[in-house]
Amino acid sequence: MKNIFAFSVGVVMFLIWNDSLTAQPRTHGAFSWDQLRYGNHRAVLKVPKAKDAVYARIPWRRRDIHPEEKRMILTDSAGKEIKNLLVVANNREYGEIIFQPVSGVGTYYLYYMPFEIKGSRNYPKVYYLKPGKTADMTWLDKSRLTDSIKIRKRIRRIPAAQVKLLEAVNGFNSFFPMEMIATREEMNQILRQHPEDYLLFSESRRYPIRMRHDLPYRWIEKGVSPDFTGKAYRNEYYAFQVGLFAARDSLTDVDITFEGMKDASGQEILPAKAFTCFNKTGIGWDARPFVRKLPVPEGTVQPLWMGVDIPKDMPAGEYTGAVTVTPAGKAPQKIDLHFTILDSVMIDRGDHESWRHSKMRWLNSLLAVDEKVVKPFVPVQINKDTVSILGRKLVLNAAGLPAQIISYYNGSNTAITPIPRKILAGDFRMVVEKPGGVRQAMHGGRRLFTRWSQGMTSWTANPATGALKTMVKGKMEFDGFVEIKIYVTATKKTEVKDIMLEIPVDSASATHFMGLGYKGQKFPGTVDWKWDVRKNQDGAWIGRVNAGFQFSLRGANYSRPLNTNFYHSKPLHMPLSWDNHGRGGIRIRRENGQVMIRAFSGERTLTPGDTLCYQINLLLTPFKPIDTKSHWKNRYYHSFQPLDTVIRAGANVINVHHATEINPYINYPFLRQDTMRNYIAAAHKKGLKVKIYNTIRELSNHAPEIFALRSLNHEIYTYGPGNGWAWLQEHVGEDYIAAWFVPKLRDAAIINSGMSRWHNYYVEGINWLAKNMKIDGIYIDDIAFDRTTMKRVRKVLDRNRPDALIDLHSANQFNPRDGYINSANLYMEHFPYLNRLWFGEYFDKNSPADFYLLEMSGIPYGLMGEMLQDGGNPWRGMIFGMTARLPWAGDPRAIWKFWDDTHIENTRMIGFWDPECPVRTNHDKIKATVYMRKGFAVVALASWSPVAVKVALDIDWKTIGVDKKKAVVEALPIKDYQEAGVYDPASVPVQAGKGLLLVIREQ
């Protein structure tokens, strides 16, 4: 085939040559035409003679299924739309048009995928314009084009326009070369030439296989591939592809095997185990190896992504190997591999250039999968029946269930004390109730610790429950996570009225409650709740600020649901054990001087061998003492700005969001390495920290691995209805959920699946960024991974950047779209590894004080936070040490100055919720929190009263260390907060919804 090359600024083009395509792409960042008016694709037509009607045949080879349902728009070179346009044919292989070139000789543009946008700015929905009337009858009559039957004959007499180019609006939107389909005749020809049930096509990593239902024309040119040739550097992880086309039959499974690399003498230099096929084998997010079944439906292409780990010391030279593909019940086929190993060494395995796909090996990473402890936690200790961790103890009974939970935190969670605070009023009990009301609790057995390390311990027990055989497996980790699985197996046919869990909680430790449909508040006294797939709820938190626990009830079928706008796309699986087809639920009552939690599952009949898994997850809170010094010291600037701007604002920690110069694409921060590295290095020289936006929930369509990840079917990306931004529809095609979209960058993300190897990749990515970019931490915008991944992230950050910071933002998810889940409950398992919370949109600043405490402040869990919605309420915020965040919402600079002037970093926080708080008011709607050191105190007052009031302060002068007779209570001036003044503690005026920061000291 003859190659023709062409160039044009701002576009990628393809020259037409006898209905075949060749091209030399040239890409520029600017859009070449009005994408929002005309779409992303056009054909360039050249009219050589001025005639009233001109014919053109455009061999576009389109991957979209129904081109006939899309409108065409024709313009001249000046952008004037040509009204008389007759579409003769519009199919996937080609289009035929006849038009009136009213602008005479010259260039015309045929836009063949124009669209309109609906939906919202960040969640657009693109709809392609439908065909309409594009020619008037006068012109059709004059050109003798009204008779559809005679048009074919008429075409032969109509002058033809030259089809010069196929263009995309920019290189990123181009279909070339992997999305230009083979024609039906080309497909028939290749099938005639190859009678096998399946065909193999080797392919370079530079051209990821994109289409699943068509062969690309590139493969027609290349032909079926008996071998693959590549050049690799020493120390490179080299990725490549094989396309498997199920030509004549569906394949139920495919096996992949490798032969090691041999040199010219036939000696094996690199063993077969150096190769991997990511589609077939791997290591899951849970660190467990797997071999996956790989079916391929008839008529589809399965991309097989493979990689070979080239060692640093491998001699340069020529090597051969092989990969054998063996579908179940079919004859195997072999592709010979020919590698030239270059003498140069790839310093980072190739990870700095994402097109190499070397980072695909991160999917199988075990990085930071260990049982080491992270600061400030301490190793797990066992003493007889008691497991001790930082500030907490768990006592187990003989059945392997909790007998007591003890906290040693002080009332404000700023220190660990020797004083025990018992949370339970009795043992956890698993009770079987038989018809007739006879109750029998699991009892006896022999609890045995089976494993212990720094980071965790595990145990088993075999308690008795009559005709039901039970086994308990439990574990506890250093952060306060407890998992207990109770397996109940029927040895004979057994009818039960209920199998329930009873948790008796000490009334003094059941002051507050959050979850099961309740916002954070004082314990309501009565809770009645049933399982409901519409709600992302499986447990609650109960306790007081310095002693509590979250419980979650799960089953063997648990799979992490999606969250943050997408819960209903993949909701919670109702646990077969607890839910029991809608019979299960939770009742909580005050009774006999305690609070009793009963999780019931209802009546059922078990047949011999039936096994139910009742899983109970606990999180013992607080997780760690609050680090107030770090909170006062680290002042966030949540915007990518010049460093001097940040310094002038008084901030010292920069959060770089996505959609910025150094981090443009959401959750793929690897594409602007030089600019990111330089910015961070400059910030460090000025004493600033830089953190970047990076999380798992959705992934930018600019990630070069997108099609390799798609080849793993639904492992990385969840199933869905498609639609969204035009690029996704045109290149991903189907079966995805469109996520966040940035209009300026045309950054269109896709929702990830719940739990997958992408979590391994994510951990490696954070590690790479910490090592190579020197990031000082990450900003997480909601979380779609579990605590295990978060623990690994914390470890890699601490090991590379010892003072790294992680802060979490969440919008309030207590709404129908998100399944009425409290954000603090949803993410509590991650709190041990965080430094700060930023909750967030829709957290109403007019909420009650207990809501602030439980759902916004982080204090009951060992954290502190900041406010976002409408800038928050600065007076109420200071009750919890919270301010707004620059420059997103609100301006905390005046309060920061007050902190510095009063040296608040040297004080101890004692909150209004703490029985030891040395300052109280005589009004229940006016709260007081004290920040004190000996002889000095800052008292934060905040009003939840609807009217202005005067309050008296009850001050414990001795605790504060101030002589009452010499004391002065004054307000220092704070811009937009308060005016200077001296106050009589017996009568302090407080405005409705506002407050004061008072300083108490001796004159």
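Which residues does threonine 921 touch, not counting residues up to four places away in sequence? I shall begin with that question. The model under discussion is a predicted one, and in it threonine 921 touches Ile926, Ala928, Leu941, Val951, Ala952 and Leu953.

Threonine 921 is found in strand 57, which spans residues 919-921. Its relative accessible area is 19%, and because buried means under 20%, the residue counts as buried. The side chain of threonine 921 also has polar partners. A polar atom of that side chain lies 2.9 Å from the backbone oxygen of histidine 923. The side chain likewise reaches the backbone oxygen of isoleucine 926, at 2.7 Å. Isoleucine 926 is also among the residues that threonine 921 touches.

Strand 12 pairs with strand 14, residues 237-246, in the antiparallel sense over 6 bridges. Within that pairing, leucine 200 has leucine 244 of strand 14 as its bridge partner.

Now to helix 9, residues 673-685. The helix has 13 residues and reaches 18 Å from its first C-alpha to its last, close to the 18 Å expected at 1.5 Å a residue. Its buried residues are Gln673, Met676, Tyr679, Ile680 and Ala683. These residues cover an arc of only 140 degrees around the axis, and therefore they lie on the same side of helix 9. On the other side of the helix, Asp674, Asn678 and Lys685 are exposed. What covers the buried residues includes helix 8, strand 47, strand 48 and helix 12. Just after helix 9, glycine 687 takes a positive phi of about 80 degrees.

Finally, the nonpolar cores. The largest has 211 residues, and those with the most contacts inside it are Leu45, Phe549 and Phe831. Helix 12, residues 758-773, gives the most to this core, with 9 residues. Helix 12 is also one of the elements that cover the buried residues of helix 9. A second, separate core has 32 residues, including Ile256, Leu270, Cys277 and Ile341.

To close, I return to phenylalanine 831. Leaving aside residues up to four places away in sequence, phenylalanine 831 touches Phe623, Lys624, Leu808, Ala824, Leu837, Phe839, Tyr861 and Leu863.

Technical notes:
Residues numbered from 1 in each chain as written. Predicted model: local features only at pLDDT ≥ 70, side-chain atom pairs only at ≥ 80, totals over all residues. Heavy atoms only, no water. Pairing = 2+ DSSP bridges. Helix = DSSP H or I, 4+ residues; strand = E, 2+ residues; numbered from the N terminus. Buried < 20%, exposed > 50% of the residue type's maximum accessible area, 1.4 Å probe, protein only. Polar contact = N/O pair within 3.5 Å; in protein donor to acceptor, adjacent residues only side chain to side chain. Contact = heavy atoms within 4.5 Å. Core = buried A, V, L, I, M, F, W, Y, C linked by side-chain atoms within 4.5 Å. Expected span 1.5 Å × (residues − 1). Arc of directions from axis to C-beta.
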